[in-house]
Amino acid sequence: MLKTHSCGEINREHVGSQVALAGWVDRRRDHGGLIFIDLRDREGIVQVVFNPEISKACHEIASEMRNEYVISISGEVAVRPPGTENPKLPTGEIEVIAKNAVILNPSKTPPFYINEDTEVEEGVRLKYRYLDLRRARMQKNLLLRHRVIKFIRDFLDARGFIEVETPILIKSTPEGARDYLVPSRVHPGKFYALPQSPQQLKQLLMVAGLEKYFQIARCFRDEDTRADRQPEFTQLDLEMSFVEEEDILSLIEELFTSMVETIKPEMRLIKPFPRLSYAEAMERYGTDKPDLRFGLEIGDLSDIAAQSSFSVFRSAIAEGGKVKGICAPGCANYTRAQFDELNKLVQSLGADGLVTISLGSSAGTLDDLTTEMLKSVAAKFLTLEQVKEMAKRLDANMGDLLLIVAGKPKLVDMVLGELRQEMGHRLKLADSNALAFAFIVDFPLLKQGDKTGEWEPMHHPFTAPRDEDMPLLDSAPQKVRGKHYDLVCNGCEIAGGSIRIHSSELQRKIFRLLGYSDEEVKELFGHLLEAFDYGAPPHGGIAPGIDRIVMLLAREETIREVIAFPKNQSAADLTFGAPSLVTEEQLAELHLRLRDE
Ligand code: ASP
């Protein structure tokens, strides 16, 4: 190799020894006589000194060097002269006195600084991803990703799981998203689909007797790229036979706890992971993926509001709605503009508006509250007692602000869930060093489609109903709970999974309930149903999203920061310029003709 050591590993112990190093010029300083090069490789940076008195030729080569040139040098490790040490650098006590130097490849001036973590427009970063990935922050993220995946593999291997690869060219599996299709050359007019997840494949592996399977699996979903999604992403896909819900949850809890404690011991975990039913999560946090790093729980004020003379509240309740709220601590003095912002947010989510009640700004307790201290359009329609009761229910104190929404129950929960998230963010309530994992359980098995009103699976059609709810499948499908669980962390859904149906009879019944005709079932799922008739074991699994986990551990804001070559917000790869046009010949081979739209 061109190098005997990596740049970052050299320290006092190497003083006096000869080393050969290679890497990139991070920075060059020409001090008249001496030239200093900060030489960078994956492991760090070391200072190299070019002294014309030691090697004139070398010094001349160094004067040609510029940032991002690839160079190799050899020389002797020396202690830096007193007063010139750099305590910020792990190699800051030493330097390498160059005796030989070669420019292996020059570099154009990069479009952005590689040696500084400055803000760069994302389009430029993605176009020059190979330069972006050269930056310390991105190298750290990729290394972290590697460690996470390695940890998962070792952890599951030690517990008897085996990794099995499943095909990328497969058949369309209805899992809620749109498929990416691949036209077949050999079968004119037919298409493969890229897997949205290996769901049915892993179930077939259970029928095949694998018992404990996992895969670091790429999944493809052609969704509108809203909310930090990627067209292709990576899941830890996992399935086990002869298990119950509890077995999967405890395995996953142990996996994540030990992963964080090993890889990111400085981060704070909440142990054991709390478990919330779907109903409880919606009631208390207005979402099935609550950020549990802070409180601000939603309180139901409907009974108090019903007693008031405020028509907004009364009419919402009369129409079967709810009046609920949260408390924003210390926000009683919010300005007109701040109220307007919150009101706009609430309206953009579909609510009529936000009712705010400021609880004075003076110190004291709620007992000291007087009508004069209240600031609210609703104040004259509420008695002081009613306000105090509302404040108590929301755990509010003097100086706090009550944020109240009235309307249809689901809408009120959703809007307050978003408002809670917004206030948590504004008030910086979430500890960025904490990972608040929680399991959400007892999901409804089905939901009604917004537009169609037809039954849709809450998770996917393979999830088993809870045994005790089975009789309700015919009479009250909306009340049936599924054996479906999610893992959430810091307001993100990290994993979803379920105990599956393993009887073809029950699976057929669910497909029928979901509106599939017998022909569709045969065409789309015939292979699975047939397999279930050959001794399918009871089984279940889960699929945590690797990108999101690494994002949380890296404390990044988007999954694009932890994926080597992500697509941008409009599903384009800017490095390659994909998607791109193809030739007429390619289309013809695939039996395709483009439509003029
Ligand atoms: N295949 C499911 C998904 O990708 C996860 C699972 O049920 O294991 O969401």
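In strand 5 (residues 94–105), isoleucine 97 is the bridge partner of valine 49, with strands taken as DSSP E runs of at least two residues and helices as H or I runs of at least four, numbered from the N terminus. This is a predicted model, where local features need pLDDT of at least 70 and side-chain atom pairs 80 or more, while totals for chains, interfaces and linings use all residues. Residues are numbered from 1 along each chain as its sequence is written, and side-chain values use heavy atoms, without hydrogens or water.

Strands 3 and 5 run parallel, paired over two bridges (pairing takes at least two DSSP bridges). On to strand 2 (residues 34–41): seven bridges tie it to strand 3, this time antiparallel. A hairpin of two residues links strand 2 to strand 3, and aspartate 41 sits opposite glycine 44 of strand 3. Six of the seven residues of strand 3 (residues 44–50) are buried, so the rest of the structure largely encloses it (buried is under 20% relative accessible area, 1.4 Å probe, protein chains only).

Now for the ligand. Its shell holds 14 residues, with Gln199, Lys202, Arg221, His459 and Arg500 the closest (a heavy atom within 4 Å counts). Strand 24 (539–544) gives the most, three residues. By type, the shell has two nonpolar, eight polar and four charged residues. A polar side-chain atom of glutamine 199 lies 2.7 Å from a ligand nitrogen, and one of lysine 202 lies 2.7 Å from a ligand oxygen. For arginine 500, a side-chain N or O atom is 2.8 Å from a ligand oxygen. Taken alone, the ligand exposes 270 Å², and the protein buries 92% of that.

Methods
Buried means under 20% relative accessible area, exposed over 50%, partly exposed in between (1.4 Å probe, protein chains only). A polar contact is a pair of N or O atoms within 3.5 Å; within protein, one must be able to donate a hydrogen and the other to accept it, and residues adjacent in sequence count only if both atoms are side-chain atoms. Accessible areas come from the Shrake-Rupley method with a 1.4 Å probe; for residues, only the protein chains shown count as cover. Ala, Val, Leu, Ile, Met, Phe, Trp, Tyr, Cys and Pro count as nonpolar, Asp, Glu, Lys and Arg as charged, and the others, Gly among them, as polar.
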